[in-house]
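Subject: Structure handover

Hello,

Please find the structure below. My notes on it come after.

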Amino acid sequence: MYTMPSPSVYIFSKTLLYYIKERERHVSPFKQSVMIIHNLGYPRIGSQRELKKACESYWTGKITLDELQATARNIRLQNWALQQQKGIDWIPCNDFSFYDQVLDTALMVGAVPQRYRTLQEKKIRETDLLFAMARGYQRDGDDITAMEMTKWFDTNYHYIVPEFTAGQTFHFFSRKVTDQFLEAKKENYAAKPVILGPVSFLLLGKEKTAGFNRLSLIDKLLPVYLEVLSQLTKAGAEVVQLDEPCLSLDLDEAALQVFIDTYAQIHAAFPQLHILLASYFECYGKNLPVALALPVQTLHLDLVRCPLQLDDILETAIANTSLHLSLGVVDGRNIWKNDYTRSLQQIQKAVSVLGKDRIAIAPSCSLLHVPCDLDNETALSPEIKNWMAFAKQKLQELKDLRDIVNGNTALLDTNKAAIHNRATSPLIHRKEVKDRVAAFTAADARRNSTFPVRQNIQQQQFGLPLFPTTTIGSFPQTDDIRQLRARLKKGELTTEQYEAAIEKATIEVIRWQEEIGLDVLVHGEFERNDMVEYFGEQLQGFLFTKNGWVQSYGSRCVKPPVIFGDVSRPANMTVRWSSFAQAHTDKLMKGMLTGPVTILQWSFVRDDQPRSTTANQIAWAIRDEVVALEQAGIKVIQIDEPAIREGLPLRKENRAAYLEWAVQAFRISASGVKDETQIHTHMCYSEFNDIIEHIAAMDADVITIETSRSQMELLDAFAGFKYPNEIGPGVYDIHSPRQPSAEEMISLLEKAAVTLPARNLWVNPDCGLKTRKWPETKVALSNMVRAAEVMREKASL
Ligand SMILES: CN1c2c(nc(N)[nH]c2=O)NC[C@@H]1CNc1ccc(C(=O)N[C@@H](CCC(=O)N[C@@H](CCC(=O)N[C@@H](CCC(=O)O)C(=O)O)C(=O)O)C(=O)O)cc1
Ligand SMILES: N[C@@H](CCS)C(=O)O
Ligand SMILES: [Zn+2]
């Protein structure tokens, strides 16, 4: 049973009770006497990734900005039409973005960092400014770095981190929100603008100057939000969704007070405006009393992640007030068909307490995190397909649920049959997999010797110089390489022709790495579509889709595999390519694998057993691959775990349990080899400061980790913790086409050498290079090798 948080948070605000009473006096703006269905956001990449393709064409100069805008408009119109057709009452607008909704919010409030002012003075267009902030700008004598990017809560979506300085001011700059509301209104859609709320906007950003707290900027920020709301109301908006997902995090009393004051002011300014406050991905937890008391008309609950909070909300706070609830019953984070029986229990419980007219139903969060349309999947097993739902189907589920509440029981029977079929299907269970996981002993997760012993053995064996250089695995996945795979799929190339072309690319990249003098080489990952999908395609218990794309950042998309059953490895997965590559060089060739937690995190995972059990099943499969690589003569093996931080529960109280099983899964995968074999891991796209000791507990011999965008800030945490093993702090940002100079990398390495022992330092980029083009890659890596050489010379003086 979910327990109501301690009421201590009630005490710190005398104003709280006043606002509850205020709201009760307020007349309900719900006009309908039926249950509303609404959506928090729809995928914006387009069902055929039209936006991705158009953005990339624009960036390479193949289409004009007008053409890009036209593609974007079509996507918005299609999304609105679809939602209208599915009977959605409040259709989201402003959920469209060319890159990221947090970046859009920064532009909305004019939070443009100083370094882009020169572009504004040159009067570059707003969309170009947005792209410059997201991707960096190196043109016409300007050389401006991109803004930082990080994980959006515990998802594989990445947002651009707002930058704040003391004394910062804001103004209503980008009019996208009002423009898109008017665009929808013109087409007669009942549009509900979706805006990242002011408090979460501040909390999700970073202070760029010392000595102030970004929440103190709320007084300057709020007037801009009030101006936005004023414009929206003038334009005819009746319902506005303010997303405040930070209410899913552990917040201190000061932050909660900011919520109270902010929403009081919004309510005071717009008492007639229907504000729908949405948080998702977790329970409201200790923030619940405050959330319940905010003077908003509707509070959205993620009932997928936190079903138990409903009882307490209904029993305690709600019955006596006029607050409406939006029940997030349809999973916005996974692709399984909704269990109508379970959802209806929640809906009916809420309806019985509040009545239909105070209930709306919705997905648990924005549908940004699931693919567009299951109808496009023509090659799936019909049995398994019948267990699944993508964004379009999830809209239908909302409609079905309302129809069932209104008496259409046939829909319920069909759903029950599908849910029963999945629960009892023989496709899911494999006894030998379950037995192997159950037979685990502590020794399975331990290397033979401790790190210092292994380090001596490995350093003697490899004879690498100080500051050894390496890369993270992938080299540019050019159009030519992707075309090869597309032609193979279409049957235009035979497997032999495809493999011969990949072999050629691999040999070329090996020669080039040798030429520029890298120390530990990689094979380039040309044979892989994606670092998770590639493994998913070779493991049993997984299925993969043809078109199940989800936005990861900017124009970059992923096609997460679906884990539907027990996982096993029927054959070697990477040995063929790693041994081919090693045979073509005398240098060390790193084997390249994705770790169990990342495979889990970047897949759609079965929800019929604990995630830890699925992670362990994957771990054993990866361990077998690690051992097979060692047996094939590969002496350095990297097991990437970029998503280990992403999987961390949002609430501190749940973290220890997760970290225990996640670290153990990694260790199972890495511990089958001899001391001589050097295990690397790699992490990126996250802030790692708060899990350093668990990263250390993974006991990889070397970790290569993203640090450059944050100017090596992370290393203080590693140094503070006295991180024992070897570490390669990324010396340049691979997300940007910008070419780093040797000098800037030397200065980052000097910073690193002050904090960590030189003997333990490696030199490498932040992450793999698959998203980059060759010209910039060649310059960047040559400069990087030069930077390492300078560091060696300095060390020998
Ligand atoms: C490292 N990151 C990853 C994350 N998640 C993953 N699952 N994988 C990752 O690598 N999360 C954190 C980070 C950052 N995120 C990303 C996400 C995505 C990319 C990326 O480069 N994505 C590619 C798509 C990659 C892919 O699978 N390509 C396939 C299919 C290619 C394709 O689209 N083919 C066309 C036909 C082509 C033609 O005819 O010309 C088609 O099928 O329609 C492949 O290579 O085979 C992207 O471009 O978005 C990077 C970092
Ligand atoms: N080996 C992968 C890791 C990305 S996080 C790559 O280089 O792309
Ligand atoms: Zn990475």
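This is a predicted model: local features need pLDDT of at least 70, side-chain atom pairs count only at pLDDT 80 or more; totals for chains, interfaces and linings use all residues.

Residues are numbered from 1 along each chain as its sequence is written, and chains are lettered from A and ligands numbered from 1 in the order in which they are written.

Ligand 1 is surrounded by 22 residues, the closest being R485, A486, N529, S552 and V558 (a residue is near a molecule or strand if its C-beta atom, placed from the backbone, lies within 6 Å of it). By class, this shell has 9 nonpolar, 6 polar and 7 charged residues (nonpolar: Ala, Val, Leu, Ile, Met, Phe, Trp, Tyr, Cys and Pro; charged: Asp, Glu, Lys and Arg; polar: the others, Gly among them). At least two shell residues come from each of α20 (479-490), β17 (550-553) and β18 (556-558) (helices, H or I, at least four residues, and strands, E, at least two, are DSSP runs numbered from the N terminus). The largest share, 4 residues, is from α20.

Around ligand 2 there are 6 nonpolar, 4 polar and 2 charged residues. Among them are D640, H682, C684, C767 and K770.

The sheet is open, with 6 strands in the order β15-β20-β21-β22-β23-β24 and parallel pairing (two strands pair if DSSP finds at least two bridges between them). β15 (520-521) and β24 (726-729) are at the edges with a single partner strand each, so one side of each has no neighbour in the sheet. Strands β20 (residues 588-594) and β21 (residues 636-640) pair over 5 bridges; L593 has I639 in β21 as its bridge partner.

Regards
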